[in-house]
Amino acid sequence: MSFKKEYLDLVLVPSGLLIMFAYHLFLLHRYLNRPHKTAMGFENFYREIWVEKIMQTNKTDEVNTALTVISSNTTAATTLASVALTLSSLIGAWLGGNANTVFTSDLIYGDTRPATISLKYICLLICFLLAFSCFVQSARHFVHANYLISTPDIDIAVEEVTRAVIRGGDFWSLGLRALYFALNLLLWFFGPIPMFVYSAAMVFLFHFLDSNTKPVPHHHKFQKNSHLRTSLIV
């Protein structure tokens, strides 16, 4: 039996996705159990300190600065949500128009059958919709944090504000990961080989960017049993 280029999609595409999913499962386990060893957990640690300092101050200028920071994060989240929704709409219109002849060239070494092209569009659409949902949730939590910080003359627990800020950051990170997966699937249109190479390269890059080697400052205890561990799953 002769080898067909369509067979590459059956091997390289699942392998590339498996590498990406396996790494992120490893990252999730490390984030939940040893958050100070991850960049996300270390950033959440400083977000917690930031919220505590903001909630302790009575200066109007510092509170306004905090609200500006939260508003900037909200604007960034809504912008990326709009971009993800726009791309989703374009892909849906392209898929509905049956314009699938662009990536069927013989120069693409892989499966270029119409059914496979449609599957690529659907997978890419799912990633963009997932990114849109995560960015919307991120904006939602940042807006909630804005309300909590700006509420006058009411004692609000610091943990409530911290939870809103950290969840907003976590959903932001999830939205970015969904965009990384979308880029991975976008390269699949040019063949399974670029997609697999991208998957392997991004795992090495992610491991470098997601790891943290800086020690936690001794003046502030890192609460491993707090909402920092559960903000992704609660």
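Biologist: How many aromatic pairs does the count come to?
Modeller: This is a predicted model, in which local features need pLDDT of at least 70, side-chain atom pairs count only at pLDDT 80 or more, and totals for chains, interfaces and linings use all residues. Residues are numbered from 1 along each chain as its sequence is written, and side-chain values use heavy atoms, with hydrogens and water left out. Rings of Phe, Tyr and Trp (its six-membered ring) pair if their centres lie within 6.5 Å; planes under 30 degrees apart count as stacked, over 60 as edge-to-face and the rest as tilted. By this rule the number of aromatic pairs is nine.

Biologist: How far apart are the ring centres of Phe21 and Phe181?
Modeller: The planes of the two rings are at 35°, so the pair is tilted. The centres of Phe21 and Phe181 are separated by 5.2 Å.

Biologist: How many residues apart in sequence are the parts that Phe21 and Phe181 tie together?
Modeller: Helices (H or I, at least four residues) and strands (E, at least two) are DSSP runs, numbered from the N terminus. Phe21 lies in helix 1 (residues 6-33) and Phe181 in helix 5, so the sequence separation bridged by this pair is 160 residues.

Biologist: What is the angle between the planes of Tyr180 and Phe206?
Modeller: Tyr180 and Phe206 form an aromatic pair with 5.1 Å centre to centre. This pair is tilted, with its planes at 45°.

Biologist: In which helix is Phe206?
Modeller: Tyr180 is in helix 5, and the pair links parts of the chain 26 residues apart. Tyr180 is partly exposed because its relative accessibility is 31%, whereas Phe206, at 3%, counts as buried. Phe206 belongs to residues 192-210, helix 6.

Biologist: Which residue lies over the face of Phe206?
Modeller: Ring pairs join Phe206 with Tyr23, Phe26 and Tyr180 in a cluster. A charge sits over a ring if NZ of Lys or CZ of Arg is within 6 Å of the ring centre and within 35 degrees of the ring normal. At 4.5 Å from the ring centre of Phe206, the residue is Arg177.

Biologist: Why are helix 4 and helix 5 roughly antiparallel, and at what angle do they pack?
Modeller: Axes are lines fitted to C-alpha atoms, for helices over the stretch in contact, and angles run from 0 to 180 degrees between N-to-C directions. Angles under 35 degrees count as roughly parallel, over 145 as roughly antiparallel, 65 to 115 as roughly perpendicular and the rest as oblique. Helix 4 (residues 114-150) and helix 5 (residues 158-188) have axes 8 Å apart. They are therefore roughly antiparallel, at an angle of about 165°.

Biologist: How far apart are the axes of helix 5 and helix 6?
Modeller: Helix 5 and helix 6 pack at about 155°, and are therefore roughly antiparallel. The separation of their axes is 7 Å.

Biologist: How far apart in space are Asp155 and Met55?
Modeller: Asp155 is in the loop between helix 4 and helix 5, and counts as exposed because its relative accessibility is 83%. Asp155 and Met55 are 100 residues apart in sequence, and their C-alpha to C-alpha distance is 9.5 Å.

Definitions and conventions
Buried means under 20% relative accessible area, exposed over 50%, partly exposed in between (1.4 Å probe, protein chains only).
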